[in-house]
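Please look over the fold shown here. The report below covers helix packing, the core and the sheet.

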Amino acid sequence: MIKIGMPENHLPIGAVLLGRYKISGVISIHEMSRVYQARDMNFPNVVRHVAIREILPVTSYPNRRTAIYQEFEKVAKLFGELDHPAIPHIYECFESKQCFYLVMEYDNGLDLAHLIHAYPYMLPPLDMVIKWAVELCDVLDYLHTQQPAPIIFRNLKPSNILINHYGRTRLVDFGLARAGWGQQSWMMIGTEGYSAPELQTEPASPRSDIYSLAATLYHLLTRHDPNLGQPFSFADHPSYPTHSGNPVVLSGLEAIITRALMVDPSKRYPDALSMKQALEALPTS
């Protein structure tokens, strides 16, 4: 049995990994990982920051640990080969003192979860939410149309979406992403409330990512966190349509979110491009 946990003590400020990456701060702490800001000391005359994600898989079986790290390397290589403005560049991955590390492009911004909590009584402008949704559909379409197999992100939620200083969205956690359908993961699949209901019994698919995007938009527009009050199902809460949570939400946008949240995957948008086109067709005022 594989257990995932974090070390009791995080890396101290000033710690150096691989003789190269000097830790300068903690960006975020997640259930199964931490993200640090570090300076790349290979550029002594330039302050070049990177983000380093630390993951600690704990298992008493050495062969399992090797398999886990191989899978970790596979995900890092997979995303390191991608080229999309919403996907940070992956520089390298390595193992050190029972931890796995992923070194990636540093982006000075805030994730959507922090933005939601930082402004509890203020909803973002509707046109901005639609812009973010279009950008997220675009990157999902890019991932889902990769060859030879689609890449399913599988863990889309506010804390995994960064808004950078240009106001653009970026995906920041690829731990659950896999190429192809039916792939197994060494972590749990997604996050309750944001994961499509079929993932309890079926493999992830592009339509499960569409569901997670709609759940994220629902949270952003209503302040109702689908991860709270478990077990949560949108199908069990007909009194919580998007419009009732935020009166300024257009009926067209509500219809898009409602369709993307359908329990039956076949009733959702067939692909992220179709959802993107529906969002782009909304009136601007």
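This is a predicted model: local features need pLDDT of at least 70, side-chain atom pairs count only at pLDDT 80 or more; totals for chains, interfaces and linings use all residues.

Helix α7 spans residues 272-280, and its buried residues are Ala 272, Met 275, Lys 276 and Leu 279. These residues span an arc of only 100 degrees around the axis, so they sit on the same side of α7. An α-helix has 3.6 residues a turn, so residues three or four places apart point the same way.

## The nonpolar core

Which residues touch the most other members of the largest nonpolar core? They are Ile 52, Phe 79, Leu 143, Leu 171, Met 275 and Leu 279, out of 75 residues in that core. Helix α3 gives the most to this core: 12 residues.

Leu 143 has contacts with Phe 79, Leu 82, Ile 87, Pro 150, Ile 151, Phe 153 and Leu 171, leaving aside residues up to four places away in sequence.

An open sheet is built from 6 strands, ordered β2-β3-β4-β5-β8-β7. Its pairing is antiparallel. At the edges are β2 (16-17) and β7 (90-96), each of which pairs on one side only. Strand β7 is joined to β8 (residues 99-105) by 6 bridges, and the two run antiparallel. Cys 93 has Leu 102 in β8 as its bridge partner.

Helix α1 (residues 62-80) lies across β5 (49-55), β7 and β8. Its direction makes an angle of about 170 degrees with β7.

Definitions and conventions. Residues are numbered from 1 along each chain as its sequence is written. Side-chain values use heavy atoms; hydrogens and water are left out. Buried means under 20% relative accessible area, exposed over 50%, partly exposed in between (1.4 Å probe, protein chains only). Helices (H or I, at least four residues) and strands (E, at least two) are DSSP runs, numbered from the N terminus. The arc is that of the directions from the helix axis to the C-beta atoms. A nonpolar core is a set of buried Ala, Val, Leu, Ile, Met, Phe, Trp, Tyr and Cys residues joined through side-chain atoms within 4.5 Å. Contact means heavy atoms within 4.5 Å. Two strands pair if DSSP finds at least two bridges between them. Axes are lines fitted to C-alpha atoms, for helices over the stretch in contact, and angles run from 0 to 180 degrees between N-to-C directions.
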